[in-house]
Amino acid sequence: MKEIMEQFKEIGIIPVVVLEDAKDALPLGKALCEGGLPCAEVTFRTEAAEESIRIMSKNYPDMLVGAGTVLTTEQVDRAVAAGAKFIVSPGLNEKVVKYCQEKGVPIVPGVLTPGEIEKALELGLGTVKFFPAEPSGGLPMIQALGAAYTKLKFMPTGGINPENVKEYLKSDKILACGGSWMVKGALVKEGKFDEIEAMCKEASEIVKNIRG
C-alpha cells in the first residue's frame, strides 16, 4: 500500500480513463507512458475495462494500472485478475474496503464528510479520494477537513483541470489528483494519441514545476 501511494505522489496527476473499446488500450498506454504519466485509473463502467487493464498491464509492466469506479467485491476480483495494482471507489463501501485489505490490494475509497473520513480512519486508511472534488467545495473544503484530520492525505477527482490542478498540488494535504482532461473520450475514439501524449507531457511538467 505504501509503495503504491509513493508512486501516486511521484506521478502527481493520475489519468482517469474511460475506454469503450479495448483496442485503444495499447496505444493509450504508450501515450501515457511516453507522456510522463505512466499510470491509469481505468474505470469499471464499461465492458472494455477489464480487457483494457489486462492489455496495459501485460504490455507495460512498469506502468501503474488500476481500476476505478469499483463498487463490488466481484469487480475487485475481476480487476485484480486482469492485472490491476490498485482499486479506487467513488464512495466508502466498508465491505469492499475490507475485502481489498484482506487480499492485500491497495484501495482508495471516496469520501466527502467528516463521518466518512472517520470511518476511513477506523478502517486504517491513510489516503482517501475526495469525490466529486470541485462540486463539493474543492481545495478549500479539503483544507478545512484536513485541518481536523491532520494525518490524512487526499486524492481529489472531479472537475480537476490544467488551471486548478496547480493549487491542489501545492497543498500538503494532496497526495495526487485524478484528472481526465488529457484522456478525453473523444480523443481516444478519434485515435488522437499524439495529442493525448502531448497533454500528458504538459501535465507532467506541471507536477515537476510544483513538486520538483
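Residues are numbered from 1 along each chain as its sequence is written, and side-chain values use heavy atoms, with hydrogens and water left out. Because the model is predicted, local features need pLDDT of at least 70 and side-chain atom pairs count only at pLDDT 80 or more, while totals for chains, interfaces and linings use all residues.

Two helix pairs come up here, and packed helices are described by the angle between their axes and the distance between the axes. Helices (DSSP runs of H or I, at least four residues) and strands (E, at least two) are numbered from the N terminus. The crossing of H2 with H3 is right-handed, meaning that the near helix is turned clockwise from the far one by less than a right angle. On the H2 side, Ala25, Leu26, Leu28 and Gly29 meet Ser52, Ile55, Met56 and Asn59 of H3, where contact means heavy atoms within 4.5 Å. Sorted by type, the residues of this contact come out as 5 nonpolar, 3 polar and no charged. Here Ala, Val, Leu, Ile, Met, Phe, Trp, Tyr, Cys and Pro count as nonpolar, Asp, Glu, Lys and Arg as charged, and the others, Gly among them, as polar.

H3 also packs with H4: their axes come within 8 Å and cross at roughly 30 degrees. That makes H3 roughly parallel to H4, and this crossing is right-handed too. Glu50, Ile53, Arg54 and Ser57 of H3 make the contact with Arg78, Ala79 and Ala82 of H4. The residues of the H3 contact with H4 split into 3 nonpolar, 1 polar and 3 charged.

As for H4 itself, Thr73, Gln75, Val76, Ala79 and Ala82 are buried, that is, under 20% relative accessible area with a 1.4 Å probe and protein chains only. The buried residues of H4 pack against H3, strand E3 (64–68), E4 and helix H5 (94–103). Val76 has a relative accessible area of 1%. Leaving aside residues up to four places away in sequence, Val76 touches Val70, Ile87, Val96, Tyr99 and Cys100. Just past the end of H4, Gly83 takes a positive phi of about 120 degrees.

A search of the whole structure turns up 2 aromatic pairs. Rings of Phe, Tyr and Trp (its six-membered ring) pair if their centres lie within 6.5 Å, with planes under 30 degrees apart counted as stacked, over 60 as edge-to-face and the rest as tilted. Phe8 and Phe86 are edge-to-face, at 4.9 Å centre to centre and 85 degrees between the planes. Phe8 sits in helix H1 (residues 2–11) and Phe86 in the loop between H4 and strand E4 (87–89), so the pair ties together parts 78 residues apart in sequence. Phe8 is buried at 0% relative accessibility, and Phe86 is buried at 1%. Phe130 and Phe154 are also edge-to-face, with ring centres 6.4 Å apart and planes at 85 degrees. Phe130 lies in strand E6 (residues 127–130) and Phe154 in strand E7 (residues 153–156), so this pair links parts 24 residues apart in sequence.

Conventions:
Buried means under 20% relative accessible area, exposed over 50%, partly exposed in between (1.4 Å probe, protein chains only). Axes are lines fitted to C-alpha atoms, for helices over the stretch in contact, and angles run from 0 to 180 degrees between N-to-C directions. Angles under 35 degrees count as roughly parallel, over 145 as roughly antiparallel, 65 to 115 as roughly perpendicular and the rest as oblique.
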